[in-house]
Amino acid sequence: APPPQAISDPRPGVLVTAPFLARGGAEQTLFATLEALAPTNRIVFATLAHHLPELGDRRQDFAAISPALYSLGDWMHPDAMLPVLLRIIDSHRIRTLYNANSTTLFYDFARAIRRDRPHVRIVDHLYDHRVGYIEWYRQPDLVDCIDACVAENQPIADTLEADYGWPRD
């Protein structure tokens, strides 16, 4: 169940998915972004991978932004995550799903969330233009599932447009 303040809080709900909340550069960028968004948005977190101690753990830091933090990767098998994410979306009245350098699971979930919760705006944040999650953008149906992609830098934006055919806007 959502925390009581989520039920009465009129701010728009934003579900942030990440693999884990470690001590890296992507997490620092995410933390700064969410600190800026938190005054006008109700933030909810869901991590999709198991937290690895050797990467550090910033869950306590992120809990200062929002106590609504679901460590799904520590609790359940990936096959069980989609129904839980849909429940989180519904119970927290989520308007936007913001994916921050998440796992490949996100790209499968995005399709199902678009189908089952078409009112949810889906935003993906990419951090690398050479390898990794940007390769998923070669799939032609992904443009129909993701409303916006935040390119961390100009090379990512250029690669998405030139090599993957994504519109810059």
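Student: What is the volume of the largest pocket?

Tutor: In this predicted model, the largest pocket has a volume of about 230 Å³, a volume being the space filled by probe spheres set on grid points joined across faces, edges and corners. Residues are numbered from 1 along each chain as its sequence is written. Local features need pLDDT of at least 70 and side-chain atom pairs pLDDT 80 or more, totals for chains, interfaces and linings use all residues, and side-chain values use heavy atoms, without hydrogens or water.

Student: Which residues lie nearest the centre of the largest pocket, and how is its lining divided by class?

Tutor: Cys 149, Trp 166, Pro 167, Arg 168 and Asp 169 lie nearest the centre, among 13 lining residues. The lining divides into nine nonpolar, no polar and four charged residues. Strand E6 (148–151) and helix H7 (154–162) each supply at least two of the lining residues.

Student: What makes a space a cavity and not a pocket?

Tutor: On a 1 Å grid over the protein atoms alone, a 1.4 Å probe fits in a cavity but cannot get out, whereas a pocket is an open set with protein on both sides within 12 Å along at least five of seven lines; lining residues have an atom within 4 Å of a point. One cavity of 30 Å³ or more is found in the whole structure, and about 60 Å³ of space lies in the largest cavity.

Student: Which helix gives the most to the lining of the largest cavity?

Tutor: Helix H2 (residues 25–37) gives the most, with three residues. The lining includes Ala 26, Glu 27 and Leu 30, as well as Phe 20 and Tyr 127. By class, this lining has eight nonpolar, one polar and one charged residues.

Student: Why is the packing of helices H5 and H6 called oblique?

Tutor: Helix H5 (residues 81–91) and helix H6 (residues 105–116) pack at an angle of about 50 degrees, with their axes 11 Å apart. Angles under 35 degrees count as roughly parallel, over 145 as roughly antiparallel, 65 to 115 as roughly perpendicular and the rest as oblique. Therefore H5 is oblique to H6.

Student: Which residues of H5 and H6 meet?

Tutor: Met 81, Leu 82, Leu 85, Leu 86 and Ile 89 in H5 meet Leu 105, Phe 109, Ala 112, Ile 113 and Asp 116 in H6, contact meaning heavy atoms within 4.5 Å. These residues divide into nine nonpolar, no polar and one charged.

Conventions
Helix = DSSP H or I, 4+ residues; strand = E, 2+ residues; numbered from the N terminus. Nonpolar A, V, L, I, M, F, W, Y, C, P; charged D, E, K, R; others polar. Axes fitted to C-alpha atoms, helices over the stretch in contact; angles between N-to-C directions.
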